[in-house]
Amino acid sequence: MNQIPAKPRGPLNVSRRKFLFGGAATLAVASTGTGLTLATFLPTRVARAQQAGVDVAAFLELLPDGTAVFQSPFIEGGQGIYSAMAQIVGEELDLDPARFIVQAAPSGDPFGVMGGMRITGGSSSVRSSYQVMRQLGASARAMLIEAAAQEWDVDGSELTTEPGLVIHAASGREVAYGELAAVAMDLPVPAEVALKDPSQFRWIRQPLARLDVRDKSTGRANFSIDFQVEGMLTAAVQHAPRLGLVPVSITNQSEIEQMRGVHSVHMLAGAVAVVADRFWQARRAVEACEVEWEPGESGISMPEDFSSQAFRAKLADEPGPGTEVEAEGDALAVLETAETVIEAAYDAPYLAHAQLEPPSATARFNEDGTLDVWLPNQAPEMFQAAIAAQAGIEPENVRIHSQMLGGFFGRHFLYGAANPFPQAIALAQAIGRPVKVLWTREEEFLRDALRPMGYARFRGAVDENGPVALSIEVVGEGAASRWFGSPPDQDGGAHEGLTAKPYAIADRRVGHVVVKTPAEIGFWRSVGHSMHDYFYESFLDEMAQAAGLDPFEMRMNLLSESERHRNLLAAVGELSGGWQPGPYTADDGTTRARGVAMASPFGSEVATIAEVSVLNDSVQVHQIWVAIDPGQIVNPAVIEAQVQSAVALGVSQTLVEELVYENGQPTARNFGPYQILRPSQMPQVHVKIIESGAPMGGIGEPGVPGVPPAIVNAVATLTGQRIRSLPLSKHSFG
């Protein structure tokens with residue numbers, strides 16, 4: 001048996017400012033011997049924390065057959081980013097996006113399109129790179145035109161393009177892009193290029209089919225779990241039942257080593273592993289290990305008596321007012337003298353990512369001192385740096401092979417014990433062969449980086465016209481504080497959805513009371529918005545009730561200074577056939593009601609209406625209407641699909657999802673105890689896209705936050721019960 005020492009765990013100290021991006025592009029050409037390879041280098045906006053510019057790059061290669069191979073800075077995880085990149089670049093290049101082959105770009109400085117970094121997250125991929133990708137396509141097109149002009153000895157101004165072709169109308173000549181690649185490769189990249197007027201768009205704003213759908217539908221798409229490398233062994237792990245415990249012995253070690261297919265047995269940081277010829281051999285052996293555990297000396301430690309119920313009580317007992325993160329006027333003073341003041345406390349549970357693909361990672365050390373790692377991730381350079389540090393080699397000697405994600409939305413960042421790659425590296429080092437580590441579903445639920453438990457206290461003052469003052473104290477910890485060292489007032493996940501609301505409430509204050517959790521926490525789809533908009537928009541309905549006002553009309557009045565938000569709210573009302581709170585009798589005889597909510601996540605604006613009934617003491621969600629304004633759009637079909645999937649997740653967390661801790665361990669270790677939305681519970685979803693022309697916002701996450709409050713507000717209208725703690729399945733409705 002091998003004892004592999006643990007690496008110290010702690011946050012990766014990366015400033016949130018490193019996620020900023022900007023600047024204009026210049027380009028350079030490199031020869032590959034097969035065609036035109038184009039690299040964009042962006043002098044980005046200087047990050048104030050560093051006072052230094054960072055270059056980023058994207059690579060485009062035109063093959064002789066006219067196919068484009070594009071190295072995407074972002075990772076495909078079902079959100080359609082590969083298709084979006086092809087659509088944007090293809091638009092300016094004048095090449096059908098269907099002729100693109102899109103791959104995940106390797107790790108390294110050239111691809112840092114966000115101020116020297118890149119992540120696939122925060123619904124930021126398209127909006128952070130839109131102009132860069134357009135410039136890239138336009139520059140490639142200009143170079144192809146110049147190559148044709150030289151070949152035909154004409155002025156480039158006489159030439160135009162059609163998809164994949166350069167055209168000389170005067171002589172009737174045309175030439176395919178692939179035939180020009182070798183010549184264009186030697187030409188200088190134009191310093192400036194003109195981008196298309198949006199009125200000339202051929203593919204942007206069109207509902208094009210996604211590039212990845214066919215392979216996924218036919219089983220040809222490969223994920224990390226599918227990856228194989230020559231000479232590879234497979235490992236299964238048994239984690240300590242609680243964070244902070246380490247293995248000290250395996251009492252039946254000799255028996256395990258004699259099991260069929262077993263290569264070796266290892267003690268790791270917080271886990272034991274069995275390496276075998278096949279995964280099922282490794283799994284059977286590691287589950288048979290009788291392990292003695294004891295408290296370790298580093299990292300987060302989970303108390304033996306930790307429970308969700310007790311931690312929720314701790315959050316409730318923590319006094320305010322906390323660090324002020326937003327203030328306007330003097331809310332506390334107004335609340336002291338107001339005639340009508342209401343108070344409420346809201347909470348939301350830990351949530352698991354519960355992704356379809358269990359975590360895995362494959363590591364191979366090479367004779368030349370380099371290391372190859374195949375794994376799902378949302379930030380290749382972050383993983384490259386962490387892996388290099390663990391392996392004791394330079395980052396440039398680590399090659400990250402980013403795999404298509406079988407579920408993500410925050411699951412694949414650097415989260416201490418929540419990643420299998422440290423185990424794969426340690427095992428590959430120990431045995432001198434490539435090793436794939438694959439977690440079972442049970443180990444994934446035990447070590448997932450959860451959405452934090454949320455809690456917030458509200459005090460609001462109203463008069464006959466609606467809210468006049470609002471004080472909020474949000475209690476807990478955000479993932480950015482845990483992993484990036486963000487101070488409380490800069491940890492958006494800890495208070496987003498409570499701050500920067502569009503409503504004209506004259507006096508308001510938001511404070512953050514920091515309480516750290518011993519659980520492993522991370523980013524979850526729409527992050528803080530996923531629960532905080534539920535808190536805020538539900539309490540806003542409570543204030544409407546206290547003022548004797550219709551919640552839809554009250555919101556409309558509070559948005560008098562924002563035409564964009566009023567238009568959005570009016571649009572969702574129209575989409576639903578006209579606002580009617582209810583209760584009312586539907587065509588099927590059920591008694592139903594509706595609720596409304598708004599959210600402003602990730603640069604987009606969203607308004608949501610939900611229609612519900614109660615049957616056999618269970619809330620039924622029949623229809624969800626969503627109006628979304630992302631400012632500008634690339635593919636309306638992808639937007640609609642993302643909103644539909646976001647609604648599914650929003651309904652799931654509202655009705656049934658909750659990860660419960662007892663005795664320092666999650667009670668659910670698979671999809672049986674951890675309930676998710678059943679197909680029979682999925683409502684009809686209606687989506688309206690409004691392109692207001694505002695700066696481009698995100699798409700992947702904004703559909704989630706409005707769903708829980710819209711449902712809960714509808715339930716309150718229908719039953720008279722105000723639910724302040726999710727999920728609804730733990731409540732009785734009579």
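Why does Phe552 count as buried? Its relative accessibility is 6%, and buried means under 20% relative accessible area, with exposed over 50% and partly exposed in between (1.4 Å probe, protein chains only). The views below show a predicted model, in which local features need pLDDT of at least 70 and side-chain atom pairs count only at pLDDT 80 or more, while totals for chains, interfaces and linings use all residues. Residues are numbered from 1 along each chain as its sequence is written, and side-chain values use heavy atoms, with hydrogens and water left out.

**View 1. Phe552 and Trp579 form a stacked aromatic pair.** Their ring centres lie 5.3 Å apart, with 15° between the planes. Here, rings of Phe, Tyr and Trp (its six-membered ring) pair if their centres lie within 6.5 Å; planes under 30 degrees apart count as stacked, over 60 as edge-to-face and the rest as tilted. Helices (H or I, at least four residues) and strands (E, at least two) are DSSP runs, numbered from the N terminus. Trp579 counts as buried too, at 18% relative accessibility.

**View 2. Glu381 and Arg118 meet in a salt bridge.** The N to O distance between the side chains is 3.0 Å; a salt bridge is a side-chain nitrogen of Lys or Arg within 4 Å of a carboxyl oxygen of Asp or Glu. Glu381 belongs to helix H9 (residues 380-391) and Arg118 to the loop between strand S6 (100-104) and helix H2 (125-152), so the pair ties together parts 263 residues apart in sequence. Glu381 is buried at 17% relative accessibility, and Arg118 is buried at 2%.

**View 3. Asp629 and Arg564 also join through a salt bridge, at 2.6 Å, N to O.** Asp629 is in strand S27 (residues 618-629) and Arg564 in helix H16 (residues 563-575), so this contact ties together parts that are 65 residues apart in sequence. Asp629 is buried, at 1% relative accessibility, whereas Arg564 is partly exposed, at 25%.

**View 4. Lys501 lies over the face of Tyr536.** The distance from the ring centre is 4.8 Å; a charge sits over a ring if NZ of Lys or CZ of Arg is within 6 Å of the ring centre and within 35 degrees of the ring normal. Arg525 likewise lies over the face of Phe409, at 3.9 Å from the ring centre.

**View 5. The largest cavity holds about 120 Å³ of space.** On a 1 Å grid over the protein atoms alone, a cavity is a set of points where a 1.4 Å probe fits but cannot get out, and lining residues have an atom within 4 Å of a point. Grid points are joined across faces, edges and corners, and a volume is the space filled by probe spheres set on the points. Of the 19 lining residues, Pro452, Glu477, Gly493, Ala494 and Met531 lie nearest the centre of the cavity. Strand S22 gives the largest share of the lining, three residues.

**View 6. The second largest cavity holds about 80 Å³.** Its lining includes Pro241, Arg242, Asp448, Glu520 and Tyr661.

Definitions and conventions. 1 Å grid on protein atoms, 1.4 Å probe; cavity = no way out; pocket = protein on both sides within 12 Å on 5 of 7 lines; lining within 4 Å.
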